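Welcome! Take a moment to look over the picture, and then let us walk through it together, one part at a time.

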Amino acid sequence: MNARSRWAPYLLSLPSLALFGLMVLLPLALTALLSLQQYDVDVGVKGGFTFASYAHVLGDSYYYEIFFRTGWVAALTTLICVLVGAPEAYILSRMGSPWRSIFLLVILAPLLVSVVVRAFGWSLLLGPNGIVNQAFEWVGIGRLRLLYTPAAVVIALVHVMLPFMVIPVWTSLQKLDPMVESAALSLSASHWTVMRRIVLPQITPGVLSGSLIVFGLSASALAIPGLLGGRRLKMVATVIYDEYLHELNWPLGAAIAVALLAINLAVMLSYNAVLEGAYKKRMG
Amino acid sequence: MSFLILEGVSKYYGGFGALIDMSLTVERGEFISLLGPSGCGKTTTLQAIAGLIDVTRGRMQLDGRDITHLPVNQRGLGIVFQSYALFPHMTVAQNVSFGLEMRKVPKHQRDEQIAQMLKLVHLDALASRYPRELSGGQRQRVAIARALVIAPPVLLLDEPLSNLDAKLREEMQFELRRIQRKVGTTTIMVTHDQAEALSISDRVVVMEAGRATQVDAPYRLYEHPKTEFISGFVGKTNLLPGRLSRSAAACDVVLAQGQRVAVDGAAFADGAAVTVCLRPEKLFFTGAAQGALRGRIEERFFLGSQWLYRVATPLGELEVSSANDGSVPLEEHADVHLAWALDVARLVAPGLAAAAVST
C-alpha cells in the first residue's frame with residue numbers, strides 16, 4: 001500500500017470530521033473551559049481557573065434534589081415509553097397494508113409539530129379548567145392539580161418521546177421472521193409464551209436502544225419541564241437555562257451542564273454494558 | 001382406517017381457490033410428497049394440515065380424531081419451515097428443547113432426548129452454537145431435530161431443501177429419508193423439485209392449479225402419467241398430439257402429419273384426441289431397420305452421466321437421451337434412425353393446460 005492510498009480514507013472523512021469538531025467538540029470544549037472560570041456577582045465571568053462552580057454544585061443539596069428529580073422523571077418517562085411503545089410497535093407491525101402506513105404517520109406526526117407548541121397544548125389540556133380536569137369532574141374524581149407537577153412533565157415527555165421508542169422497536173420487529181412465531185406455536189406454545197420467550201427477546205435490542213434515546217433526551221429536555229413544570233418545579237436543563245440567562249452565572253451553568261452530560265453518559269454506558277452485553281452474544 | 005384423512009379440503013381467498021377439494025389418505029409411516037409448480041396449492045395443503053390457515057371447506061382427521069378446526073398449538077404436529085424459522089436467540093440445544101419444555105418434560109429426561117435427537121441429525125458437537133453460527137445444511141438439521149424431538153404424529157416439511165445448494169441438497173435428500181425411516185414418522189413434504197419428490201417419497205401427489213391431479217408411487221407416476229402436464233412436469237418428455245385409430249388387429253395413433261404410431265390405447269375410444277408421451281431415455285438409435293424413424297441430430301448436450309440429443313424427425317423435434325457408456329457419441333448434424341419399444345409409448349388425454357407444459 002502506498003502513502004497516498006493510506007491517507008485517502010482520512011482525507012475523505014475530513015469534511016465530516018471538521019463538521020463534527022466544529023459543531024460538537026468545540027462547543028463542548030468551550031463549555032468545559034467556561035465551567036472552570038471564576039465568577040463574580042458584580043463583574044461576571046472573570047477568567048482564571050477554579051473548581052469553585054463544581055464545588056458549589058456538589059456542596060448544595062438543592063442541586064442534588066434537582067438532579068434526582070430529573071433522573072426519576074427521565075427514568076419514569078423511559079419506563080412508560082417502553083410499556084406503551086413496545087406493544088404499540090408490535091400492533092403496528094401486525095397491521096394490514098393501508099392501516100399500517102396510516103398509523104405510522106399518526107405516530108410520527110407529533111414530530112412535525114414544535115415541542116413548544118405541543119407543551120402549550122398540554123398545558124391547555126392539563127390546566128385547572130382543561131379537558132382532562134373536566135373529564136375527571138364528570139366521572140366524579142374531582143379536579144386534580146396536574147399542571148406544574150412532575151406528572152404533567154412525565155405525560156408530555158412520554159407524548160414527545162414515544163416515536164423514539166416505537167421506531168427502533170418497529171425496526172427490530174421488521175427483522176423478525178413471522179414463521180418463527182408459527183414455529184413456536186407448532187411446538188404447542190401458547191400465544192403468551194410466544195410473546196414472552198420468542199418475540200420479546202428478539203426485540204430487546206430495539207427496546208434497549210429506544211430507551212437509551214428516550215432517557216437521554218428526557219434527562220436533557222428543556223421546553224417541556226420549563227413550560228409544564230413551571231417556575232418552581234426545576235429540572236437540570238431549566239436550571240442551566242436560568243443560570244445562563246437570568247443569573248448570568250455562566251460558569252455555574254456550564255458546570256451543571258458538564259455534570260449533566262457526565263451523569264447522562266455514565267447512566268447510558270453502564271446501562272448499555274449491563275443489558276446489551278447480555279444480548280450481544282445471542283443476537284450478534 | 002387411514003392415519004391421516006383429508007376430505008374435500010378447500011381454501012378460498014375471496015373468489016380464488018388456492019386449494020380445491022383436496023382428498024388424500026395417508027397411512028402411518030408413509031412419506032408423501034406434494035409436488036407442483038409454485039402457486040399450485042401444495043403449500044396451502046401443508047398449512048391446512050398444520051393448522052396455520054383455516055380451511056374454507058372440508059374435513060381433516062388424524063388417527064380417528066377430527067382436527068379440522070383445532071388451533072395450531074394443539075395439533076402437536078412437527079413442522080419444518082422453508083426458512084427453517086429457528087429461534088435466533090437460542091442455542092441449538094435450546095431450540096430443540098423448546099417443544100419439550102412446552103410439553104413439561106422434566107429436565108433430565110429432556111437433556112437425554114435432546115442429546116439423542118442431535119446425535120440422530122449429526123449435530124451433537126454443535127449443541128451450544130447459535131443458529132447464525134451454522135451453515136444452511138446444519139440449520140436445516142436443527143429444524144428437523146426441533147420438529148422431531150416432540151415425537152409428532154406427522155412431520156410436515158415445507159420445501160426443506162430449497163435453500164441448499166445442489167450438492168448439499170442431494171446429500172440431505174437421502175439424509176432426510178434415512179432419518180424418516182429410522183424414526184418412522186409419517187411425513188408430508190412440499191417440493192417443486194420432481195427429482196427430490198421421486199427419490200425419497202413412498203407416494204407423490206402432483207398438484208396443479210389448486211387440485212391434486214395424480215397420486216401415485218414415484219415409479220408409476222413417472223411411467224404412467226395421467227395428464228400431459230404431469231408427463232412434462234415429472235421428468236422430460238416428448239409429446240406428440242394425434243388421434244386414436246382402433247381396428248380389429250391393432251391400435252394406432254395417427255399423428256398430425258399422417259404418420260402412424262402403434263400404441264396400447266385400451267383406455268381411449270376410437271377417434272379420440274390423444275397425446276403420445278415418449279420419454280427421451282426410452283428412445284434409442286438404431287440402424288436403418290424397417291419401422292425406424294429417420295432423423296437428423298440438431299443439437300447435442302453433455303450432461304455427465306448421459307448425452308442429450310435434439311433430433312429433427314418427420315414427427316417433429318424429439319429429445320433423446322442415451323447413457324454415457326464411454327463410447328464415442330454421435331456427431332451433431334448426423335443422420336440417424338430412432339426406434340422404441342412398443343410398450344413405452346404412453347397415451348394421455350390432451351391437457352387443457354397444454355400451454356403450461358414446459359421443462
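Predicted model: local features only at pLDDT ≥ 70, side-chain atom pairs only at ≥ 80, totals over all residues.

Residues are numbered from 1 along each chain as its sequence is written, while chains are lettered from A and ligands numbered from 1 in the order in which they are written.

Let us begin with chain A. Its C-alpha trace spans about 80 × 75 × 30 Å along the principal axes. Chain A holds 13 helices and 2 strands; here helices (H or I, at least four residues) and strands (E, at least two) are DSSP runs, numbered from the N terminus. Of the 284 residues in chain A, 31% are buried, a word used when 20 or more other C-beta atoms, placed from the backbone, lie within 10 Å of a residue's own. Contacts are counted when the C-beta atoms of two residues, placed from the backbone, lie within 7 Å. Among contacts in chain A between residues at least 6 apart in sequence, 71% join residues at least 24 apart.

Now turn to chain B. It is divided into domain 1 (4–223) and domain 2 (239–356), with bounds that come from an automatic or database domain assignment. The C-alpha centres of these two domains of chain B are 39 Å apart.

Next, find the open sheet of 6 strands in chain B, with the order 6-7-8-3-9-10 and mixed pairing. Two strands pair if DSSP finds at least two bridges between them. Why is one side of strand 6 (78–80) and of strand 10 (211–216) of chain B left without a neighbour in the sheet? Both stand at the edges, each with a single partner strand, so there is no neighbour on one side. Strand 9 (residues 203–208) and strand 10 of chain B pair in the antiparallel sense over 5 bridges, and B:M207 stands opposite B:A212 in strand 10 of chain B.

Finally, which parts of chain B meet chain A? In total, 20 residues of chain B are in contact with 18 residues of chain A. Helix 2 (72–75) and helix 3 (92–102) of chain B each supply at least two residues of the side of chain B that touches chain A. Helix 3 of chain B gives the most to that side, with 3 residues.

Notes. Buried ≥ 20, exposed ≤ 12 C-beta atoms within 10 Å, placed from the backbone.
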